[in-house]
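Please look over the protein shown here before reading the notes that follow it. The notes are meant to be read slowly, with the model open beside them.

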Amino acid sequence: MSLFVTELRRLGKRRLTRLMLVLLLVGLATVATAFSFSSQKLSPDVVAAAEADSRAQYQRATEEWKRTIAECEAAQARGEQTEERYGPNCGKDYQPQPDMFDPKWNLPYQFDFRAEFPMFIAVFAASVALFAFIVGASFVGAEWNTGGMMNLLLWRPKRLAVLSTKLAALLTTVFGLTVVLGALWTAAFWLIGTQRGTTEKMTAGAWQSIGLDGLRALGLILVVAAVAFALASLGRHTAMALGAAVGIFAVSEIGIRIAVSILGIQFGDRYVLSTYAQSWFLKQAELYDYDTCQFTQGACEPAKYVVTWEQSAVVFGVALVAAVVAAFWTMRRRDIS
């Protein structure tokens with residue numbers, strides 16, 4: 001049996017892998033199920049009821065307006081001061097208008113697949129990326145910690161081949177799992193859209209956009225899995241990857257934000273990793289500096305800085321290459337004992 005197939009089976013049979021997979025499936029199913037109950041299809045009866053509510057609200061507001069005017073005029077007849085209480089001209093200039101009571105405001109929430117599903121792709125990517133990080137780190141970290149890596153190298157003494165095969169097995173598993181779950185995730189929300197929402201305006205271009213969003217999600221998940229694997233291999237322990245993740249989060253999301261705020265650096269969030277994750281999914285992230293706000297014709301036009309998804313690709317690519325190269329370099333040079 002080849003080493004690659006052996007590693008695939010080893011990864012699949014690990015208790016942590018199975019446990020994390022169950023938790024991932026339960027979590028995704030819970031999100032989809034709970035969300036399906038929050039959406040309601042806008043049938044003609046529902047729309048008619050919303051329109052009736054709007055007309056009733058307009059009628060009540062008009063009656064209240066007339067009653068207020070009558071009270072104001074009666075108070076004026078008694079010689080009372082009414083402007084402070086009722087406004088100028090007894091509020092006659094503020095008659096309710098039908099367009100103030102849009103029926104759309106009375107409609108229940110309806111899920112729009114085209115407009116909202118990209119957000120759920122990000123939710124899916126975050127969930128699977130967490131799974132990939134933990135499984136990827138523990139896959140090689142446990143091997144180092146328990147001595148399994150040393151025993152494997154006695155049987156197959158080619159260090160780089162062993163490590164690269166383990167990484168390939170991890171990425172293949174994560175890739176296949178992401179594709180299958182992504183298809184099920186899309187099908188689930190398509191079903192929600194058809195049964196309890198709307199799937200209107202789903203053109204070929206819209207499907208292409210969703211497909212590209214899915215590819216970006218898949219790319220980020222694979223990067224997370226590979227980086228976690230590399231960090232755990234560098235530290236010879238799963239905790240190395242988990243500790244590095246916590247440290248990077250603390251430095252990026254807390255330390256850098258505090259530092260750039262103290263130093264007064266413009267567009268400080270361009271140095272924060274979450275900004276690049278946001279731009280990766282949304283195609284770009286716009287940062288504004290309101291301290292340099294310029295007023296043109298009464299409108300504020302703050303300075304703007306745009307972080308594109310191409311920049312995010314460079315940042316994540318550099319992180320991936322650095323982590324993997326470091327892991328393979330230390331694997332080649334370190335004392336395996």
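The briefing below moves from the whole chain to its disulfide and then to part of its surface.

This is a predicted model, in which local features need pLDDT of at least 70 and side-chain atom pairs count only at pLDDT 80 or more, while totals for chains, interfaces and linings use all residues. Residues are numbered from 1 along each chain as its sequence is written, and side-chain values use heavy atoms, with hydrogens and water left out.

**Whole chain**

- The protein chain holds eleven helices and four strands, where helices (H or I, at least four residues) and strands (E, at least two) are DSSP runs numbered from the N terminus.
- Its radius of gyration is 29 Å, well over the 20 Å that the globule rule gives for 337 residues, so the protein chain is more spread out than a compact globule; this radius is taken over C-alpha atoms, and the rule is 2.2 Å times the number of residues to the power 0.38.
- Along its principal axes, the C-alpha trace of the protein chain spans about 105 × 50 × 35 Å.
- Of the 337 residues, 36% count as buried, a word that means under 20% relative accessible area, whereas exposed means over 50% and partly exposed lies in between (1.4 Å probe, protein chains only).

**The disulfide**

- A search of the whole structure finds one disulfide, that is, a pair of cysteine sulfur atoms within 2.5 Å, and it joins Cys72 to Cys90 with an S to S distance of 1.9 Å.
- Cys72 lies in helix α3 (residues 44–77) and Cys90 in the loop between α4 (83–86) and β1 (111–112), so the pair ties together parts that are 18 residues apart in sequence.
- The torsion about the S-S bond of Cys72 and Cys90 is about -70°, so the disulfide is left-handed.
- Cys72 counts as buried at 0% relative accessibility, and Cys90 also counts as buried, at 4%.

**Helix α9 and the surface**

- Ala250 has its place in helix α9 (residues 238–263), and because its relative accessible area is 33%, Ala250 is partly exposed.
- The C-alpha atoms of Ala250 and Val306 are separated by 24 Å, and these residues are 56 apart along the chain.
- Ile254 is also found in helix α9, where, at 47% relative accessibility, Ile254 counts as partly exposed.
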